[in-house]
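Good morning, and thank you for coming.

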Amino acid sequence: MYDVVRQKLSGEVCDKTSIEFSDGGDIAITFETAASGAAEATRLALERFTRLMLSAGLVLEPYAIRTYPSGNEVGPSLVGTSEIAEILDVTKARVSQLIRSDTFPAPVARLAMGPVYLDSAVRSYVRRARRPSRPRRQPLLP
């Protein structure tokens, strides 16, 4: 699988873009761009990353973005079972049931405290999983 990703991404590299692959499976994609600040540089990098993934036919999510020259890192928002329970307004026991389903997003890490998920993936799951509520029947008036 890793070699397929390497081949697809390597074929999509353009000028001012570099891709590095670590032995551990991490992929570092560097874009050079002129921006007025870190926020704009981050937005432009995410747009270019999305275009790169689409053109390569891949579905990958960035888990860290560094902007230079400031070197500020913008990390994703992560959640565990407690935060997921709050988002869904359910118990942690119910979250444990949900995360075992095939449709729940995969964790990005497993720590001693439990699995860790991307907040954006969990919220996307919620939007897909929540069905519109049925309208309540109005009582018949005599």
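Let me start with a question: does Asp89 count as buried or exposed? The model before you is a predicted one, and in this model Asp89 has a relative accessibility of 70%. Because the limit for an exposed residue is over 50%, Asp89 counts as exposed. As for its place, Asp89 belongs to the loop that lies between helix 3 (81-88) and helix 4 (92-99).

The backbone at this residue also deserves attention. Most residues other than glycine have a negative phi. Asp89, which is not a glycine, has a positive phi, near 55°. This is the residue that follows helix 3.

Before going further, I shall describe the whole protein. The protein contains five helices and seven strands. Along the sequence, their pattern is α-β-β-α-β-β-β-α-α-β-β-α. The protein has 142 residues, of which 26% count as buried. If we take the contacts between residues at least 6 apart in sequence, 39% of them join residues at least 24 apart.

I turn now to helix 3 itself. Which residues of helix 3 are buried? They are Ile84, Ala85 and Leu88. Viewed down the axis of helix 3, these buried residues fall within an arc of 105°, and therefore they line one face of the helix. Their packing partners are strand 5, helix 4, strand 7 and helix 5.

Two packed helices are described by the angle between their axes and the distance between the axes. For helix 3 and helix 5, the angle is about 35° and the axes are 11 Å apart. Their crossing is right-handed. On the side of helix 3, the contact is made by Ile84, Ile87 and Leu88; on the side of helix 5, by Asp119, Val122, Arg123 and Val126.

What is the relative accessible area of Asp119? This residue of helix 5 has a value of 12%, and because buried means under 20%, Asp119 is buried. Leaving aside residues up to four places away in sequence, Asp119 touches Ser77, Leu78, Val79 and Ile87.

Next comes the sheet. Strands of a sheet pair through backbone hydrogen bonds, either parallel or antiparallel. Here we have an open sheet of three strands in the order 5-7-6, and the pairing is antiparallel. Strand 5 (78-79) and strand 6 (109-111) each have a single partner strand and stand at the edges, so one side of each has no neighbour in the sheet. Strand 6 is joined to strand 7 (residues 114-118) by three bridges, and Leu111 stands opposite Gly114 of strand 7. Helix 5 (residues 119-129) packs on this sheet, where it touches strand 5 and strand 7, and its direction makes about 80° with that of strand 7.

Finally, let us consider strand 1 (residues 17-21), where the side chains alternate.

Thank you for your attention.

Technical notes. Residues numbered from 1 in each chain as written. Heavy atoms only, no water. Helix = DSSP H or I, 4+ residues; strand = E, 2+ residues; numbered from the N terminus. Buried < 20%, exposed > 50% of the residue type's maximum accessible area, 1.4 Å probe, protein only. Pairing = 2+ DSSP bridges. Contact = heavy atoms within 4.5 Å. Axes fitted to C-alpha atoms, helices over the stretch in contact; angles between N-to-C directions. Arc of directions from axis to C-beta. Left-handed = near helix turned anticlockwise from the far one by under 90°.
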